[in-house]
Amino acid sequence: MAALEEIGEILQETFRWLHRHPELSYEEVETTKRLRQVLQAHDVAILDSGLPTGLVAEVGTDGPVIALRADIDALPVTEETGLPYASEIPGHMHACGHDFHTSALLGAALLLKRKEHELQGRVKLVFQPAEEAPGGAKKVLETGLLQDVCAIFGMHVSPRLPVGTLGLRAGAVTASVDRFQITFRGQGTHAAHPDAGIDPIPAAAAFIQAAQTIVSRNLNPFAAGLVSITHVEGGNTWNVIPSTVLVEGTTRSLGKEERQLIRENLCRLAERIAEGHGAQAEIDWYEGPPATDNAPEWIEVARQAAKEQSLEVVEAPASLAGEDFAYYQEQLPGAFVLVGTGHSFSNHHPKFQLDPAALQPAAAFLARLAEEALRRKS
C-alpha cells in the first residue's frame with residue numbers, strides 16, 4: 001500500500017493534466033510527450049515502436065510476456081462539466097475516460113517497476129492512440145511488438161458502476177461496429193413534375209422504415225443487434241426533387257453470425273426497395289472492430305486479482321458500444337474489464353465525469369492482474 005500511496009500524487013496530477021489537454025485520434029503529440037517524460041523519469045524502458053503518437057513501454061525480466069493496454073485519445077466534444085481541471089482546448093474533451101485509462105496504466109507501470117525483479121516475466125504497457133478513430137489497435141499490432149505476448153488486458157470506465165467495483169464477463173462485453181452509407185440515386189426534376197424524373201426520397205423513406213425489421217424479424221429474439229439510421233441528407237431547396245438521397249448509419253451485434261446476417265439483409269433491402277422505386281442504391285460499407293471476446297480463463301484471473309485488491313466484482317453489463325480492443329483479441333487471448341467510476345452522465349456526453357478516487361484502485365488492480373497473469377504462465 002505504501003508504494004501505491006507514494007504514486008497517488010503522480011496519478012492525480014497526470015489525470016488532471018491529461019483532462020485539461022485532450023487530443024484527438026492520431027494527434028496525441030503532447031500526450032505522448034508527457035507519458036514519455038514520466039516513464040523515463042522512473043526508468044521505465046520505452047520500446048522502439050515507430051508510432052507517431054502513442055508508445056509501448058516494458059517492465060520485467062525473462063519469461064512469458066503479457067500486455068496491458070490503455071487508449072489515450074479524446075473526442076471532438078465541448079466540455080460542460082465545470083470541473084476546475086476542465087478541457088482547455090475548445091471542442092476537445094476526454095468524454096470517454098481515456099485520461100483515466102492512461103493514468104491508471106501509468107500507475108500500474110510505476111508499481112510494476114518497483115518490483116520488477118520479482119516479476120515472473122515481462123509486461124508490455126501499450127499506450128494506444130486513436131481508439132476513437134477507431135483503428136489505433138491495428139497500428140500497434142502492425143509494429144510487431146506484441147508478437148511475443150501470450151495474453152492482453154484492457155479496461156474501460158463505467159459510469160454505471162460505483163467506485164470500487166469491477167464488471168467482468170466472459171465472451172462479448174462490447175459489440176461489433178459497422179458503418180454504412182447508402183446513396184439512393186434517382187433522377188432530379190421539378191417538384192411540379194415528378195413524373196419527369198425518379199424521386200429517391202420515397203425510396204430512402206421506405207428503406208429507413210423497413211430497416212428496423214432487419215433486427216426484429218430476422219435475428220433470434222434472444223440475440224443482440226441493432227440498426228441505427230443517424231444521418232439523412234437529400235435536396236437543397238423546396239421546389240426541386242433531388243437526384244440523390246444519402247442515408248447513413250451503424251449496425252451493432254455481439255455475434256459473428258448476427259453481424260453478417262444484418263449486413264446481408266440491410267444491403268439486400270436497400271437494393272430491392274430502390275429497384276421497386278425505379279432508383280438505384282449505391283452501398284458503401286465500413287467494417288469496424290468486432291465484438292470483444294473475453295477468454296473465461298483470463299476473466300477468472302481478473303476475478304482473483306480483484307479479490308486480492310478487495311474490489312467488488314459484478315457481472316459486466318453487455319453493451320452495443322464498440323471498442324477497438326477487440327482487434328487485439330482477434331489475435332491474442334485476454335480480457336476487457338469495466339471499472340466503476342461513479343454514476344454520471346454517459347460516456348461521450350459533454351457533462352460526463354468520473355470520480356478520481358477510482359484511480360488508485362484501478363492502477364493497483366492492473367498491476368496485480370499483470371503479476372497474476374505472469375504467474376499463471378510461468
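Mentor: Let's start with a helix pair: helix α8 passes α10 in a right-handed crossing. Keep in mind that we're looking at a predicted model.

Trainee: Okay, handedness noted. How do I read the rest of the geometry, and at what angle do the axes of α8 and α10 cross?

Mentor: The general idea is that two packed helices are described by the angle between their axes and the distance between the axes. Here, α8 (residues 296-308) and α10 (residues 359-377) have axes that come within 9 Å and cross at roughly 130 degrees. That makes the pair oblique.

Trainee: Which residues of α8 and α10 meet?

Mentor: On the α8 side you'll find Trp298, Val301, Ala302, Gln304, Ala305, Ala306 and Glu308. Facing them from α10 are Phe365, Arg368, Leu369, Glu372, Ala373, Arg376 and Lys377. Sorted by class, the α8 contact with α10 has 8 nonpolar, 1 polar and 5 charged residues.

Trainee: Let me try another pair. What is the handedness of the crossing of α5 and α7?

Mentor: Right-handed. The axes of α5 and α7 come within 9 Å and cross at roughly 145 degrees. The residues that make the contact are Ala203, Ala206, Phe207, Ala210 and Ala211 from α5, with Leu266, Leu269, Ala270, Ile273 and Ala274 from α7. Class by class, the α5 contact with α7 divides into 10 nonpolar, no polar and no charged residues.

Trainee: Now a sheet. What is the strand order in the open sheet of 4 strands?

Mentor: The order is β9-β11-β7-β12, and the pairing is antiparallel. β9 (225-234) and β12 (280-287) are the edge strands, each pairing on one side only. From one strand to the next, the twist averages 20 degrees.

Trainee: How many bridges join β7 to β12?

Mentor: There are 8, between β12 and β7 (residues 176-185), which run antiparallel.

Trainee: In which sense do β5 and β14 pair?

Mentor: In the parallel sense, over 7 bridges, with β14 being residues 334-340. Within that pairing, Ser158 has Gly340 as its bridge partner in β14. β5 also pairs in the parallel sense with β3 (residues 65-71), over 4 bridges. There, Leu68 stands opposite Phe153.

Trainee: What about single residues? Is Arg34 buried or exposed?

Mentor: Arg34 counts as buried, because its relative accessible area is 19% and the cut-off is under 20%. This residue sits in helix α2 (residues 29-41) and touches Glu13 and Trp17, leaving out residues up to four places away in sequence. Compare Ser103, found in helix α3 (residues 98-114), which is buried at 0% relative accessibility. Setting aside neighbours within four places in sequence, Ser103 is in contact with Leu11, Thr14, Phe15, Leu18 and Leu359.

Trainee: Where are Tyr26 and Asp43?

Mentor: Both are in loops. Tyr26 is between α1 (2-20) and α2, and has a positive phi of about 65 degrees although it is not a glycine. At 40% relative accessibility, Tyr26 is partly exposed. Asp43 is between α2 and β1 (45-46), with a positive phi of about 60 degrees, again although it is not a glycine. At 58% relative accessibility, Asp43 is exposed.

How values were computed: Residues are numbered from 1 along each chain as its sequence is written. This is a predicted model: local features need pLDDT of at least 70, side-chain atom pairs count only at pLDDT 80 or more; totals for chains, interfaces and linings use all residues. Side-chain values use heavy atoms; hydrogens and water are left out. Two strands pair if DSSP finds at least two bridges between them. Helices (H or I, at least four residues) and strands (E, at least two) are DSSP runs, numbered from the N terminus. Axes are lines fitted to C-alpha atoms, for helices over the stretch in contact, and angles run from 0 to 180 degrees between N-to-C directions. Angles under 35 degrees count as roughly parallel, over 145 as roughly antiparallel, 65 to 115 as roughly perpendicular and the rest as oblique. A crossing is left-handed if the near helix is turned anticlockwise from the far one by less than a right angle, and right-handed if clockwise. Contact means heavy atoms within 4.5 Å. Ala, Val, Leu, Ile, Met, Phe, Trp, Tyr, Cys and Pro count as nonpolar, Asp, Glu, Lys and Arg as charged, and the others, Gly among them, as polar. Buried means under 20% relative accessible area, exposed over 50%, partly exposed in between (1.4 Å probe, protein chains only).
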